[in-house]
Amino acid sequence: MENNNINNASETVPAFPDQAAKDVLQEELPKTAEDTNALTATDVPGKKKLSDRDVTAHTAAMWKYNPVPESPEPYPESISRFASSGEFSVTAASVRGKKHKHDGSNRDDSFAFEIIDGMAVAAVSDGAGSKAFSRIGAKAACEAVIKYSKIRLEAIKRDFPNFRKELGGDIGGANFGNVCSQIAEMLRGSCAEAFAAVEAAAEKRLGNPEFEAVVDRKTELKDFSCTLLAAVFIPVETQNGREYLTASIQVGDGMIAAVDENAEVKSALIILGDADSGSFAGETEFITSEQFRNPESLMSRTKVRRGKLTSFLMMTDGVADDYYPNNPQLLRLALDLKLNGIMPDAGAGDSRDNADIAVPGPVSYPWVNDGDVLYALQYAKNVLSETGLTLEDLWKNKALRKKASLSGFGIVHEKDCAEMLTIWLDNYVERGSFDDRTLLMINTEN
Amino acid sequence: MSEFSRRLPVYLLLDVSGSMQGDPIEAVRHGVRALISELRGDPQALETAYLSVITFNSSARQVTPLTELMLFKEPQLSAGGATALGAALRLLADCIKSEVRKSTETQKGDWRPLVFILTDGAPTDDWREAAAVLKTTKPANIIACAAGAYADTTVLKEITECVLMMNTLSAGDLAQFFAWVSSSVKMSSKSLDAKPGANIELPPPPQGFVIVP
């Protein structure tokens with residue numbers, strides 16, 4: 001089922017009951033820009049340094065909401081989707097970031113996925129911030145990956161009727177190698193198709209006066225630039241039991257990773273992407289770069305892995321940058337998703353008596369779309385800093401996680417996974433983090 | 001927890017030579033105040049912008065080290081002396097080297113810094129080498145503004161491609177300059193994913209300001 005919210009301020013998801021938090025915030029936050037102007041260095045008594053929370057508490061009320069412009073081609077403010085194969089489920093959401101809401105511009109991120117015969121194909125893309133129609137490129141790129149992969153997977157099934165079994169066989173064997181190559185080639189082909197699709201999308205709008213008006217010149221391919229993360233997810237039976245074969249390709253920033261909640265913290269996170277980046281923040285590579293016309297150029301970027309996992313994650317830099325360095329901070333992302341009831345938390349951590357550990361409660365910020373609505377979210381970062389525990393401690397102590405989670409604080413809701421993910425992406429606050437956020441999550445049953 | 005990274009460093013290089021005495025330096029003081037006030041009304045600037053002021057006359061001084069917007073204190077500015085632009089450029093390069101954080105494996109770096117240079121006269125010291133280094137290494141997006149009849153835009157063109165000329169040092173012109181700096185800082189995030197070396201998008205310059213081709 002799919003949820004498309006196009007500036008539906010009236011059809012908002014109701015807030016969690018949090019009157020106490022609302023009362024506190026009403027006192028603390030500046031009401032207007034003038035209040036902030038009045039603040040000079042001398043008004044910060046005894047504080048040489050401000051904490052990030054001080055700053056974000058201050059800016060919370062200042063982020064404005066401007067709807068997406070009417071033309072040309074507006075995109076929904078957020079999209080989300082959930083689907084299940086029985087053995088695993090895919091939950092994905094993409095939301096417009098605070099900066100775009102403030103400026104009144106479109107969401108530039110996109111995702112697409114399909115479950116095919118007990119396997120999944122997924123794509124995530126981030127349209128370049130400086131490019132006017134990058135959202136169109138991002139959507140076209142993601143859809144092209146899925147479309148091509150579907151066709152190629154059918155062909156692989158025909159040519160290799162036992163391919164699922166072979167993928168579960170001896171990794172050193174020729175059969176495994178053969179099928180793996182097919183899968184990797186398919187993925188590379190889908191990226192080249194994505195490039196072609198972005199080109200076609202640009203071509204289609206060439207000479208369109210509405211588009212030319214936006215950039216004040218003729219449109220070009222560059223205006224549709226975007227990153228691309230593409231992956232295939234295949235459950236297989238091996239002599240070690242159920243494992244998952246994943247093949248992934250990354251062009252640009254963002255990240256792809258696998259998480260095994262049953263593993264020790266040292267081996268629980270497997271980084272499967274490789275972000276392109278320059279020396280400064282924001283500098284990256286795009287799928288529309290000439291070199292990527294040729295699928296061969298993607299060979300060094302293709303990563304294949306078979307092993308245990310309980311979650312597979314793909315995300316744009318709007319999320320990845322908030323968990324840096326990704327190794328090991330993406331484990332903190334998994335913890336945030338568990339604490340907020342978005343990722344299942346059934347792993348075999350050890351239960352302990354945590355009566356003496358005081359955990360901080362969830363934090364509420366006003367929703368940018370409607371300042372009267374507050375969403376209470378839990379932050380692993382806060383749990384760790386307030387308790388003095390380490391990432392490893394929280395990873396092992398499942399009972400403490402339960403205690404610190406939203407449900408542990410009596411915040412229960414009727415929302416489905418896709419809605420919760422949307423709310424979380426739309427509302428978690430991190431200083432300097434206001435980009436579009438997209439996260440695609442595959443969770444297995446074990 | 002670790003210090004906030006992903007900051008947008010902004011450096012103001014302000015000419016405080018003798019010719020700036022009187023009304024011009026007063027207008028600059030006013031302009032800096034207005035810039036800070038404007039930026040403090042913007043949530044994105046509040047979360048990410050860190051400002052530093054470097055002044056230059058017979059020598060160059062970093063009067064305010066890179067400081068976050070909410071804690072930024074207006075610097076004391078007084079005019080008099082020569083125009084050591086070279087010293088200012090060398091100091092700028094040093095400050096960027098020591099204050100700006102590049103991306104590493106363990107830390108997301110700052111956004112590429114923005115530098116605004118305001119000068120009303122020709123340099124009186126050795127500046128060519130420092131300018132050439134900045135132009136080739138591009139450690140920042142540099143925007144240079146030549147104010148008044150005695151400013152030398154050819155010098156500024158040796159530092160950066162982006163040079164503006166404003167005809168006078170009037171209070172009005174200087175106010176417009178600082179308002180434009182503010183808009184540029186607010187707008188810069190749009191083009192922050194531009195490839196290194198590519199031009200960043202800037203708002204149109206104020207009335208009466210000329211872009212030097």
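This short talk goes through selected parts of chain A and then of chain B.

Before the details, please keep in mind that this is a predicted model, in which local features need pLDDT of at least 70 and side-chain atom pairs count only at pLDDT 80 or more, while totals for chains, interfaces and linings use all residues. Residues are numbered from 1 along each chain as its sequence is written, and chains are lettered from A and ligands numbered from 1 in the order in which they are written.

Let me start with chain A as a whole. Its secondary structure comes to 14 helices and 14 strands, where helices (H or I, at least four residues) and strands (E, at least two) are DSSP runs numbered from the N terminus. Of the 446 residues in chain A, 46% are buried; a residue is called buried if 20 or more other C-beta atoms lie within 10 Å of its own, exposed if 12 or fewer, and partly exposed in between, with C-beta atoms placed from the backbone. Taking contacts in chain A between residues at least 6 apart in sequence, 76% of them join residues at least 24 apart, and by a contact I mean two residues whose C-beta atoms, placed from the backbone, lie within 7 Å.

Now to a sheet in chain A. Five strands form an open sheet in the order 4-5-6-7-10, with antiparallel pairing, two strands being paired if DSSP finds at least two bridges between them. At its edges are strand 4 (109-116) and strand 10 of chain A, each of which pairs on one side only. Neighbouring strands of this sheet are turned by 15° against each other on average, direction ignored; axes here are lines fitted to C-alpha atoms, for helices over the stretch in contact, and angles run from 0 to 180 degrees between N-to-C directions.

How many bridges join strand 6 to strand 7 of chain A? There are eleven between strand 6 (residues 228-238) and strand 7, which run antiparallel, and a hairpin joins these strands of chain A through two residues. Within this pair, Ala231(A) stands opposite Ser248(A), and Phe233(A) has Thr246(A) as its bridge partner. On to strand 10 (residues 302-307) of chain A: six bridges join strand 7 to it, again antiparallel, and Leu245(A) has Arg306(A) as its bridge partner there. Eight of the eleven residues of strand 7 (residues 241-251) of chain A are buried, so this strand is largely enclosed by the rest of the structure.

Helix 5 of chain A lies across strand 4, strand 5 and strand 6 of chain A, running at about 15° to strand 4. The axes of helix 5 and helix 7 (residues 174-204) of chain A come within 7 Å and cross at roughly 145°. Residues of helix 5 that take part include Ala140(A), Ala144(A) and Tyr148(A), and those of helix 7 of chain A include Met186(A), Gly189(A) and Ala194(A).

In the loop between strand 5 (119-126) and helix 5 (134-159) of chain A we find Ala132(A), which counts as partly exposed, with 19 C-beta neighbours inside 10 Å. Leaving aside neighbours within four places in sequence, Ala132(A) is in contact with Val214(A), Val215(A) and Asp223(A).

Turning to chain B, seven strands form an open sheet in the order 3-2-1-4-5-6-7, with mixed pairing. Strand 3 (60-68) and strand 7 (209-212) of chain B stand at the edges, each with a single partner strand, so one side of each is left without a neighbour in the sheet. Neighbouring strands of this sheet are turned by 20° against each other on average, direction ignored. Strand 4 (residues 114-119) and strand 5 (residues 141-147) of chain B run parallel and are joined by six bridges, with Thr119(B) opposite Ala146(B). Helix 6 of chain B packs on the sheet, touching strands that include strand 1 (8-15) and strand 2 (49-56) of chain B, and its direction makes about 170° with that of strand 4 of chain B.

Where does helix 6 meet another helix? The axes of helix 1 (residues 23-39) and helix 6 (residues 171-188) of chain B come within 8 Å and cross at roughly 30°. These two helices of chain B are therefore roughly parallel to each other, a term that covers angles under 35 degrees, while over 145 counts as roughly antiparallel, 65 to 115 as roughly perpendicular and the rest as oblique. Lastly, Ser183(B) in helix 6 of chain B counts as partly exposed, with 16 C-beta neighbours inside 10 Å.
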